[in-house]
Every structure is written in C-alpha cells, then in structure tokens.
Amino acid sequence: MESFVENIFEEMKETLNKFTAKNKNLLIAIAQEIAYCFMEEGKLLIFGNGGSAADAQHIAAEFINRFKIERPSLPAIALTTDTSVLTSISNDYDFNQVFLKQVMAIADERDIVWGISTSGNSENVINALRYAATNDIKTIGFTGKDGGKMNGLCDLLLVVDSDNTARIQEMHIAAAHIICELVDEIMFGRFSDMLEDE
C-alpha cells in the first residue's frame, strides 16, 4: 500500500511540474483579467458540475470573503448553489440550460464567465460559455485532457495535461488559489502599480 500511495504522489508531482512549465504566464493573464473586471465594477460568474461545482463555490468564497490579506469583498458568484434555480430549469427545460439561463439573466459585458469542466465537454458549461462568447462577455475556461469543446471558445483557457480527473481537479484548485492571491496582490498589494500603469 505504501508504494501505491507513493505512486500517486509521484503522478501528482509529474502533473504539477508539467502544469507549472506551461501555465505560469497564463495564470498571470487570468489574474489580470479578473482584477481589471473587479476594478471596472464587473463580477465573476463561476460554474461546473460535481467536483467542479464544489470548486466554483470554493473559488467564489475566496473572493467574497477573503483569501490571504484583509481587503474588501469582491463580487464572485457560484452558479451552482441555488437549488430552486437549478431544479426549476432542469424540470421545466433541460439540465443543459442550468448555467446558460443564469448567465443570460445576470451577466453583462463588464463581467467574466468562468466555466470549469475536467473533460471540456460538459454541455451545460459549453452552452453558457458559448452564449457569453457571442455576447461580448469575457470567458475563462478550466479543463483537462485535450481541452474538448472548450478549445476555441474561451478568451483564456487553462488545460491540465492529464487524463486523470483527480489530478486535473487538484491542478484546478491549485491554479485558482494562485489566481486569488495574484488578484489580491494586483488590486491591493505588491503589484498594485501594474493597474496604474495600464
């Protein structure tokens, strides 16, 4: 069993090393877009299914409450939390519209729509991203494997190069934590002069 556990950690380290080499600049670009969105009084709408739904809620909480530094609350909404909205749309229409209808109702051109799908093919995530993309709303995607249908659909797309859902989810939350910390530092900390230079 010890070797089983060690092999998992080795796989995690290998995934992390590949991810870090490919995505440092992308993480910075995503954080900058989110910081600019907040500075322009926009909001962040985050969504996904299953573990990705939990990640959406986790990320929204980091922005609404705080991450590491004391700062004002930042407007992030997880579109996965309102059971009445989710079940009424699923019941009256289709589960593939649960995020689309919320984005249609809430999002505007100042906002960012952030979809999370480990396969890149979740139809309800794709539908919401496609609507945003065709309505001049910025889009961020978190996915894995080969990117799936999210390729070409997002302004900024983070792809974890792995077929293992657990490893993809681990990289997603690590990336989200880095983004949260960067946004804090861009808006309120050591990188705040970057906004002044824009």
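Are Phe-38 and Phe-63 buried or exposed? Both Phe-38 and Phe-63 are buried, where buried means under 20% relative accessible area, exposed means over 50%, and partly exposed lies in between (1.4 Å probe, protein chains only). The structure is a predicted model, in which local features need pLDDT of at least 70 and side-chain atom pairs count only at pLDDT 80 or more, while totals for chains, interfaces and linings use all residues. Residues are numbered from 1 along each chain as its sequence is written, and side-chain values use heavy atoms, with hydrogens and water left out.

A pair of aromatic rings is described by the distance of the centres and the angle of the planes. Rings of Phe, Tyr and Trp (its six-membered ring) pair if their centres lie within 6.5 Å; planes under 30 degrees apart count as stacked, over 60 as edge-to-face and the rest as tilted. By this rule the count comes to three aromatic pairs. One of them joins Phe-38 and Phe-63 edge-to-face, at 5.4 Å centre to centre and 65 degrees between the planes. This pair links distant parts of the chain, with Phe-38 in helix H1 (residues 2-39) and Phe-63 in helix H2, 25 residues apart. For Trp-114 and Phe-142, the ring centres are 5.0 Å apart and the planes stand at 65 degrees, so this pair is edge-to-face. Trp-114 belongs to strand E3 (residues 112-116) and Phe-142 to strand E4 (residues 138-144), 28 residues apart. Helices (H or I, at least four residues) and strands (E, at least two) are DSSP runs, numbered from the N terminus. Trp-114 has 0% relative accessibility and therefore counts as buried; Phe-142 is buried too, with a relative accessible area of 0%.

Strand E4 also holds Thr-139, which counts as buried at 2% relative accessibility. Leaving aside residues up to four places away in sequence, Thr-139 touches Val-113, Leu-129, Ala-132, Ala-133, Leu-153, Cys-154, Asp-155 and Leu-156; contact means heavy atoms within 4.5 Å.

Helix H4 (residues 98-106) has Val-98, Phe-99, Leu-100, Gln-102 and Val-103 as its buried residues. Their cover includes strand E1 (44-48), helix H3 (83-92), E3 and helix H5 (123-133).

Helix H2 meets another helix as well. Among the residues in contact are Asp-55, Ile-59 and Phe-63 in H2, and Ile-173, Ala-176 and Cys-180 in H6. The residues of this contact divide into six nonpolar, six polar and two charged, where Ala, Val, Leu, Ile, Met, Phe, Trp, Tyr, Cys and Pro count as nonpolar, Asp, Glu, Lys and Arg as charged, and the others, Gly among them, as polar.
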